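Please read it beside the sequence and the structure.

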Amino acid sequence: MTTYLDNAASTRIDGRVLEAMLPYLKEKYGNPSSAHKQGKILKVLIEDARDVVADFLFTKPKEIFFTSGGTESNNFAIKGYAFSRNDKFHSITSSIEHPAVLETFSYLNKFGYETDIIKPDNKGKVSTENIESRIKNNTKLISIMHANNELGIVNDVKSISDVCKSKGILFHSDTVQSIGKMSVKPKELGMDFITMSAHKIYGPKGVGILFIDENVKIDKYIHGGSQERNMRGGTENIASIAGLKCAIEILKESLDEDIKHYTELKSHLISELNNSFKDMFIINGDEVNSLPNILNVSFKPDRLKVSSGMLPIQLDLVDVSVSGGSACSSGSLKPSNVLLELGMEESLASSTIRISFGRFNVLEDNMKLVKSLKKIFGVV
Ligand code: PLP
C-alpha cells in the first residue's frame, strides 16, 4: 500500500465529505437559480455552506465567495481589484508565492501595472521592513502568503497588514496552506482578501473560497449570470460546495486534534531522521515559525549517495509519495525556485524532499520513509 506523505499537494477526501456530496450528484440535480423546489433546496445549501465557512473564519457570510479553488481565488482577488480601478498601480509580492499569485501579477504587468517582487530571508520569511521600504505613493496592493507550500514557513502577516493599514494599502494573503493547520481569522490578522482550497482540507478538488472584506469593492470576475452576488457567473458547483461545507464542519471539530497529530508526526520524523542520518541532512525553513504538517529536508550530497533530483522518484518506486525539491519542466528536473530563492546551492536543492502530513498518517508511515531512505542511501 502506498504511504502518502504529500498532503500539502492534496489530501484524501474524508469519507463523510464524500457522503455529503453524493445526494447532489444523484437525486438533487436541479439548478440553484431555478424558482422551483428542486432549485431552491440547492440555493439553501449554498447559503448554508456560506454561513458555515463564514462562521469558521469569523467573517460575515456576504464576505465569502465560492470559486473553483485556490488558483481562481488568487486570480479573482488580484485581477478583480486591479480591474476595479482605473490607475495602473504598484503592488508588492514575494518571490516564493505560489504561481497563482506570481503569474497573475506578471500578467497584469503586461498592461502597465508594476510589481516589486521581494526575496525572502534564507529561511523563507518575508521581512516586513523590506516590504515597507518598497512602498511607493501609488502602492495599492500587497500580496504575501500566510504559509509557504514548500517550506511551511509562516509569515508575520499581522505586522505586514499593520503597515498596509497605516498606508491605505489592501492586503491579500494566500492562506491555502495555513487553513486547517493553524487558526486563520482574516479580520484579526488584518487581511482584506484570503484564499482557500477544499482539496487541502480533505474536501474535493475544484472548489474553494475567496474572502473579500465587506469594505473592499472589486470587479466581477467571471461574466455571465448573476451567481455569487453577481461577482462570479456560472451555475454553482453544488456537490463540491456540499463537500466543502462538510470538510469545514469536520475541521471545526478536529482542528486542535489535527494540529496535535501533525505536530507529533513531525517531531517523530525529525527524531527518526536524526537517529539515522545525524548531521547528513538539514531542515529547511524555520523550525519555530512553521506549519505543523510540513517538513522540508535536504540531504547533503557530499555525505550521502544522492542522485540529483531523483529522491522522490526513488521513493515512489517503493510506494512512498513525497514531493521533491525539483520540478520537472520541459523534460528536465529543475531545482525548486523556492529553494534557490533562499540562496541554496542547486545540488542541495536537488537533494531535497518535502514531507507533508495529513489526518490519515500514522507513525509507521515515518518508519517506512526512513527505512526506504536508508536503503536508497545505502546507510545501514
Ligand atoms: N496557493 C497555494 C499556497 C497552494 O499550495 C496551492 C496548491 O497547491 C494553490 C494556491 C492552488 O490551489 P488550487 O489547487 O485549489 O488551485
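Thirteen residues, 13 in number, surround the ligand, and the closest are Thr71, Asp174, Gln177, Ser197 and Lys200; a residue is counted here if one of its heavy atoms lies within 4 Å of the molecule. This is a predicted model, in which local features need pLDDT of at least 70 and side-chain atom pairs count only at pLDDT 80 or more, while totals for chains, interfaces and linings use all residues. Residues are numbered from 1 along each chain as its sequence is written, and side-chain values use heavy atoms, with hydrogens and water left out.

By class, the shell around the ligand has two nonpolar, nine polar and two charged residues, where Ala, Val, Leu, Ile, Met, Phe, Trp, Tyr, Cys and Pro count as nonpolar, Asp, Glu, Lys and Arg as charged, and the others, Gly among them, as polar. Helix α3 (residues 70-83) provides the largest share of this shell, three residues; helices (H or I, at least four residues) and strands (E, at least two) are DSSP runs numbered from the N terminus.

| Residue | Protein atom | Distance to a ligand oxygen atom |
|---|---|---|
| Gly70 | backbone N or O | 2.8 Å |
| Thr71 | polar side-chain atom | 2.6 Å |
| Lys200 | polar side-chain atom | 2.5 Å |

The protein covers 85% of the 390 Å² of accessible area that the ligand has on its own, with areas taken from the Shrake-Rupley method with a 1.4 Å probe.

The ligand sits in the largest pocket, in the sense that more than half of its atoms lie within 2 Å of the grid points of that pocket. On a 1 Å grid over the protein atoms alone, a pocket is an open set of points with protein on both sides within 12 Å along at least five of seven lines, a cavity is a set where a 1.4 Å probe fits but cannot get out, and lining residues have an atom within 4 Å of a point. The largest pocket has a volume of about 780 Å³, a volume being the space filled by probe spheres set on the points, which are joined across faces, edges and corners. Of the 43 residues that line the largest pocket, Glu97, His98, Pro99, Asn149 and Glu150 are the closest to its centre. Among the elements that give two or more residues to this lining are α3, α4 (99-109), β13 (326-329) and β15 (352-356), and the largest share, five residues, comes from α4. The lining of the largest pocket divides into 12 nonpolar, 23 polar and eight charged residues.

The second largest pocket has a volume of about 260 Å³, and its lining includes Met1, Tyr4, Arg12, Arg359 and Asp365.

The count comes to one cavity of 30 Å³ or more, and the largest cavity has a volume of about 40 Å³. Strand β10 (294-299) and strand β9 (281-284) each supply at least two residues of its lining, and β10 gives the most, with three.

Key: A polar contact is a pair of N or O atoms within 3.5 Å; within protein, one must be able to donate a hydrogen and the other to accept it, and residues adjacent in sequence count only if both atoms are side-chain atoms.
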